[in-house]
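Subject: Structure handover

Hello,

Here is the structure I promised to pass on. My notes on what turned up follow directly below it.

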Amino acid sequence: MSRSTIQSVEQGLAQLGAPVQTDALPIAQPRNESELQAILALAAESEWRVLPCGLGSTWPLVHLPEFWDLGISTCGLEGDIQFDPGEGVLTAPAGTPWSQIQDVVEAQSGRIAPYQGLQPKGSLGGLVALGLSGPERSFVGALRHRVLGLRVMLADGSVARIGGKLVKNVTGFDLPRLWTGSRGSLGVILEASLRVAHAPAEQHLLRLRACDLTQAAHLCERFHAERIPCASLQWNETEEGAVQLEVWCIGSAGAMQDTLRLVRRCLDVDEHWTEEAAQQARAAWAGAWRLAPDADQLVIGCQPSEWPALAVALANDLDLLGIPYAVRALPGCAEARVRWPHLPDAVTPALQALQDGLEACHASWQWFGTHAMAGTFGPAPAPGLAWAQESLRRQFDPQGRFQPRPRA
Amino acid sequence: MPSPALAQDLRALLGPQGFLEAHPQRLSYESDALGLVAQVPEWVLLPSDTQQAAECMRLLAREGVCVVPRGAGTGLSGGATPVAGGVSVVTTRMRKILDIDPVNRLARVQAGVVNVELSRAAARHGLFYAPDPSSQMACTLGGNVAENSGGPHGFKYGQTSRHVRGLVWVDARGEIIDQSDARLDPVGLDVLGLWIGSEGMLGLVTEVVLDLLPSPEVSESMLAIFGSLQAACEAVTELIASGLQPSAIEILDKLTIDAVEASVFAAGYPKDAEAVMLMDLDGSPAEVRELGEQLETILKAHGSRELRRATDPEQRRRLWAGRKGAYGAMGRLAPDLYVADVVAPRTRLAEIVALSTAICAELGLPCANVFHAGDGNLHPNISYDRRDADQVRRVLLAGQRIMAACVERGGTLTGEHGVGLEKRDAMCMVFRDEDLAVQERVRQALDPGRRMNPGKMLPVRGCREMRTRSPYLPGMKEYDA
Ligand SMILES: Cc1cc2nc3c(=O)[nH]c(=O)nc-3n(C[C@H](O)[C@H](O)[C@H](O)COP(=O)(O)OP(=O)(O)OC[C@H]3O[C@@H](n4cnc5c(N)ncnc54)[C@H](O)[C@@H]3O)c2cc1C
Ligand SMILES: Cc1cc2nc3c(=O)[nH]c(=O)nc-3n(C[C@H](O)[C@H](O)[C@H](O)COP(=O)(O)OP(=O)(O)OC[C@H]3O[C@@H](n4cnc5c(N)ncnc54)[C@H](O)[C@@H]3O)c2cc1C
C-alpha cells in the first residue's frame, strides 16, 4: 500500500460524517486486520506518527496534523455485537458506533452504564481509549472497572488478547486497566468486552431553576454527608445565563421511594420528571455541550471536604476568564467537571490563577481534548510515576509510532 | 547466595526483629496456604515502614538478590513461596492504620494491616471496607492488593481493585513510587490499575489508600434451602438475568453442609438439604423490603423449599458462621485442602459445578463446593492427605481437569486466588504465546532484572511446548496424566 492510497481514504472519513478540514489528517480505514497490519508496516517504514482512532468525535479538539502523519480508524473493521443479558457482558468490534451498542443493549433491558450522555457519534474503542465515565459511575463504578477484556494490535502488527469476557477474573496482569484511558498511545484496540449493568427500574430527574455555584456546592456536600444516593448533581448555565441545578436518581422502586424523600428534604424542587428522566438527563447533558460544541473539558477530581473551596475557585476564576461554563458534580464519587469554549494555547495569567485555585483545594485535574495542553497545565505526576508510565509506553511502542510529535 | 556484607547491612538496618537468619525462624515462611510446594527463603526481612522497605530493596538490588513479597501467607496459589530462591520481604510489621478520613471516606493503611482490622476501625465511623475475603481475619491488605482479592460481597461491591484509591510501592531498584494522592481517575497511563493483582511481580506495596463505604441503613440475611444443587445454581442464573442485586450470593453444597454442621461452625443448615444459598440484602428500608420479595418469588419458583430471613445481627452472624467457617470445617474431612478457584460463565454455573464434582468422583476424590455464585467464581474443594503421593497426584490432576473443563466452556483459571505458582503453566489453557508475550512486556518495563517474585504467573516455557507436557505443579516432580 502506498501513501497515496492512504490519502485517498480521506473520502471514507467524509462518508462517516466526521469533520474533514482542508488541513485534515489523512485517515486510513482498513477493512480487516491484515490491511491494518499492512498500514502499520508502511507507517513503520515511513516513520510516520500514527493516531489510532474511531469516529473522530474528539477531533475538533485536537490540532491533528501538527502531531500526526496518519490516522487509522477502526470503523471499517467488521464484526458482530454480542450481548448476553444473562451473563451481563457485551463484546463488539472497536469501531462499532456507540449508538448501535446502546440500541442492542437497551432492547434487552440492559444499561450500558456509566456513559449516559455520550456523544452519539463516538465508537466503543474511542470510549475505552478515552476512559471517561459518566454520571452513573457512583452506582456502577467507573468505565475502567467495567472493561473486562480487549483484543489489541501493537505497532509491530502483532495481535493479543488481554483480560477476558467474565465478570470476575484475575488470570494474569490486569492489562485492560492499562489500556483503558491510554488514548491510543499503546496501540490499536480492535475489540472490547464490557460489563453491562441492568437497566434501573426507575429514573428521576429533579430540577431547581435558580441556584448559584456556591449554593450548589453546599448541596453537593450535604448530599455526600447525608449519604443521599443520587447519581449526579449537575449545574449548568442556561442559554439565558441563569444557573440551574439538576439531580438525577436511578434505582429500584423501593430505593427511589427512600431516596426521593431524602432529596426533597434538602431542596425545593421546581420540576420533576420520571418516565422521561433518561431523555431529560441526556438533553441536559447535551445542553451543557451546546454551550461549547468544540470545547475543551477540564475534569477535576476533588475530595468532598474541599467542594465549597472548589466552587469559590471556579466561580471566581472562571468569571475572571470571562467564559461561559458548565459544571457537573458527582457527589457519590467526588468528581467535578468544567466545560468551556476555550482552546488555550498557553497558560495565560487567568488560567494560572485557576490552576492556583485548584491546587489550593488539593484538586487533581486533567484536560480532555487538546493535546497541546497536555503537560503544560496540570498537576505534576507523582514521584516515580512518570518513569513507570514511560517504561510501559516504551515496551508497547518502542519506536514511538503512536506518540504525538513534540511541539516545536 | 547473598554476601555476608549484605547480611551485615540488612541486620544493621532492620535489627534482630526485622532480619531472620536462623533456619527455624525462616521455616514458617517456606510456603503459603497451598502447602504443596515449599522452599525456605534465604533470609526473611521484616521492614517496618516504606523508607525501611525501600532501603532493603536498594541493598538487595546491589547484589541482584531475588525478592518474594509476602503478607500473611494465606495465599492459595503458592504466590508467596520463594520457589526460585531469594529472600522473603514480609509486611507483617507494617500494621499501622495511618489515617481514617470519615468526611472523604478514605483510609490510609500500611500494607501489613489485616483486612478485618480496617473493617473494625471503619465501623466506628459508620463506614465499612467492602472486600471481605473469607480469610479476612488473617490476610493483609497488601496481599489483597497483590491478588485483587474478592469475597462474598464482591457481587455488589466489586473486588479490591474497585476500592483502591492510592498506593505507595517500592520497585525492584528500591525507588519509592508514591501514588497515594487518592485521585479519582489516573492522569496518563493507569499504572495503579495495572499494579492491582500483579502478584508481587512489580514491586512491594507498602501503603494503600482505600475507599470506605457508608454502612447500609438496613441489612438482612436470607438462607434458601434447596433439594438440588442444580436448582440452586439455576436460581442464581435467573436472579442475575433479572437484575436483582443482593450484596452477596453464596452457595454451599451437601458435603460442605455436612462438614459445617458437624463442626464448631454449625449454623443450623438442614442436614437433608442438597444445597443452601446464603444472601445478604442491604440498602434503604424500602429497597431491602422490595428486593426480599423479588428474591423470594424467584427462589420459590426454582424449588427452594424453605427460606429463612434474619435481620438481628446475632442471627445473621449465625447464618454466616457456616460459610465463614467452611474451610475450617473441612479440616475434619482430611488434613489438607486443595481449593480450586475457577470462574464459570454465570449462565453455565450448574453445568460446571456438576462437571467438577464428576471429575473428582472419577479420580476417587471428595469434592465439596462452596462458592461465590453471583460472580460465577467456583471453589471446588478437595480434601486430601499430602503424605499420600498418589492422592496428591490425583488432586493435582483433578485441579487441572477442572480448569480445562471450565476454560473449554468459556470460563477461566482464577477469580481471586491468583495464578501464582499453582496455575502458572495452566496460563497456556487461556492464552497463546502472543498474548503472554504482551504480559511479559509489563514485567520487562517495571522489573527488567526479573528479580520480583520470579517463577510466578508467567509460564517459563512457551505454550506450544507446555501443551505437550503432563500436568504437574511447578517445583514438584512431574506426574503422569
Ligand atoms: C468534549 C467532549 C467531552 C466528552 N465527555 C465525555 C464524558 O464525560 N463521558 C463520556 O462517556 N463520554 C464523553 N465524551 C464522548 C466520548 O467519550 C467520545 O467522544 C467518544 O467515545 C470518542 O469516540 P470516537 O470513536 O469518536 O474517538 P476518536 O475521537 O476517534 O478518538 C478519541 C481518542 O481515542 C483514541 N482511540 C479511538 N479509537 C481507538 C482505538 N480503536 N484504539 C486505540 N485508540 C483509539 C484516539 O487515539 C483518541 O485519543 C465526550 C466527548 C467530547 C467531544
Ligand atoms: C481459608 C482461606 C480462605 C480464603 N478466602 C478467600 C476469599 O474469599 N477471597 C480471596 O480473594 N482470597 C481468599 N483466600 C486467599 C488469600 O487469603 C488472599 O489471596 C489474600 O489476599 C492473601 O493475602 P496475604 O496477606 O496472606 O498474602 P500472601 O499469601 O502473603 O501473598 C499473596 C501474594 O501477594 C503477594 N504480596 C503479598 N503482600 C504483598 C505486598 N505488600 N506487596 C506486593 N506483593 C505482595 C505475594 O508475593 C503473593 O504473590 C483465602 C485463603 C484461605 C487460606
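The side chains of B:Asp190 and A:Arg177 form a salt bridge, with N and O 2.8 Å apart. The term means a side-chain nitrogen of Lys or Arg within 4 Å of a carboxyl oxygen of Asp or Glu. By that rule, five salt bridges cross the interface of chain B and chain A.

A word on the basis. This is a predicted model, where local features need pLDDT of at least 70, side-chain atom pairs count only at pLDDT 80 or more, and totals for chains, interfaces and linings use all residues. Residues are numbered from 1 along each chain as its sequence is written, chains are lettered from A and ligands numbered from 1 in the order written, and side-chain values use heavy atoms, without hydrogens and water.

**The interface**

Between chain B and chain A, 25 residue pairs are in polar contact, both residues at pLDDT 80 or more. A polar contact is a pair of N or O atoms within 3.5 Å; within protein, one must be able to donate a hydrogen and the other to accept it, and residues adjacent in sequence count only if both atoms are side-chain atoms. H16(B) gives the most to the side of chain B that touches chain A: ten residues. (Helices are DSSP runs of H or I, at least four residues; strands are runs of E, at least two; both are numbered from the N terminus.)

In contact terms (heavy atoms within 4.5 Å), 87 residues of chain B meet 68 residues of chain A. The two chains bury about 6,100 Å² between them, 55% of it on carbon and sulfur atoms. Buried area is the accessible area (1.4 Å probe) that two parts lose on being put together, summed over both. B:Leu184, B:Leu189 and B:Arg441 supply 13% of the area that chain B buries against chain A, more than any other three residues.

**Ligand 2**

Which residues come nearest to ligand 2? Of the 36 around it, they are B:Pro69, B:Gly71, B:Thr74, B:Ser135 and B:Thr140. "Around" means a heavy atom within 4 Å. H5(B) gives the largest share of this shell, five residues.

A polar backbone atom of B:Pro69 is 2.6 Å from one. For B:Asn144, a polar side-chain atom lies 2.8 Å from an oxygen atom of the ligand. Taken alone, ligand 2 exposes 970 Å², and the protein buries 95% of that. These areas come from the Shrake-Rupley method with a 1.4 Å probe; for residues, only the protein chains shown count as cover.

Best wishes
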